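Please look at the sequence and the model before reading the points.

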Amino acid sequence: MGREMGRTLATAMTIPKTITLLAITCMAVITACSKAEQPYSLLDDDTVLRPGDLLFRRGTAMTSHAVAMADKNGAFSHVGIVADSSGVMVVVHAVPDEPDFEGDPDRVKMEEVHDFFSTERATYGEICRPSDSVTAVKASQAAMAIYRQRPLFDHQYNSEDTTQMYCTELVMEAYKRAGCTLTGPPTHSYTFLGIHCMVWLPSDLYKSPYIRCIKVLKPKKQ
């Protein structure tokens, strides 16, 4: 009788301990998963950017995958240009499906570089620098001027109309206003609602002889 009661008490005391250990284990797993899933920037804080630098990224959105499929010779789906905003390096780019607030239309926007390279939006990236720093500064100023005009994103991808712009068109136009043609006329065909257009893809700009890669951005090893 005494032995059986002792066993019962021991079992009863073991159950709470087991439950506690299970709870601690579950919390540890949940915490580890949460940490692994937290977005971060591919860009480290030590990287020094200059006005006119081109930021290329491979995106995560459906539109990014569509561009990547169309741009078979390229590693990127999007590009933006670095500009100086009161002493802070920011990126100006034309992008769809990234609203800053409810009702925000697809447009040319300015944002922090770390947001541009957040793992929520980018799986890979590169920073390219123009060989002519004077032209690069002028191009960055042109990009800021375009941003202030608040043009919408060009969903028709019309390279001949700059009242609305898509990403590569924006960068091409900024450098054109600075007196530099990064690459030749658009050579990739695109059909939208029966309208045929010729467009620039990120690889066209990436292969420009006027820029060179200065940094590759990859995800952290888990």
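This is a predicted model: local features need pLDDT of at least 70, side-chain atom pairs count only at pLDDT 80 or more; totals for chains, interfaces and linings use all residues.

Residues are numbered from 1 along each chain as its sequence is written, and side-chain values use heavy atoms, with hydrogens and water left out.

**Cavity**

- On a 1 Å grid over the protein atoms alone, a cavity is a set of points where a 1.4 Å probe fits but cannot get out, and lining residues have an atom within 4 Å of a point.
- The largest cavity has a volume of about 40 Å³, where volume is the space filled by probe spheres set on grid points that are joined across faces, edges and corners.
- Its lining consists of Val-95, Glu-98, Pro-99, Asp-104, Pro-105, Asp-106, Arg-107 and Lys-109.
- By class, this lining has 3 nonpolar, no polar and 5 charged residues (Ala, Val, Leu, Ile, Met, Phe, Trp, Tyr, Cys and Pro count as nonpolar, Asp, Glu, Lys and Arg as charged, and the others, Gly among them, as polar).

**Largest pocket**

- A pocket is an open set of grid points with protein on both sides within 12 Å along at least five of seven lines.
- The largest pocket has a volume of about 580 Å³.
- It is lined by 31 residues, of which Thr-63, Ala-66, Val-67, Ser-77 and Tyr-157 are the closest to its centre.
- Two or more lining residues come from each of β1 (54-59), α2 (62-70), β3 (88-95), α5 (167-177) and β6 (188-192).
- The most is given by α2, with 5 residues.
- The lining of the largest pocket divides into 16 nonpolar, 10 polar and 5 charged residues.

**Second largest pocket**

- The second largest pocket has a volume of about 180 Å³.
- Among its 13 lining residues, Ser-159, Met-172, Glu-173, Lys-176 and Trp-200 lie nearest its centre.
- Its lining has 4 nonpolar, 5 polar and 4 charged residues.

**Overall build**

- The protein has 6 helices and 8 strands, taken as DSSP runs (H or I of at least four residues for helices, E of at least two for strands) and numbered from the N terminus.
- Along the sequence the pattern is α-β-α-β-β-β-α-β-α-α-β-β-α-β.
- Of the 222 residues, 39% are buried, meaning under 20% relative accessible area with a 1.4 Å probe and protein chains only.

Technical notes. Buried means under 20% relative accessible area, exposed over 50%, partly exposed in between (1.4 Å probe, protein chains only).
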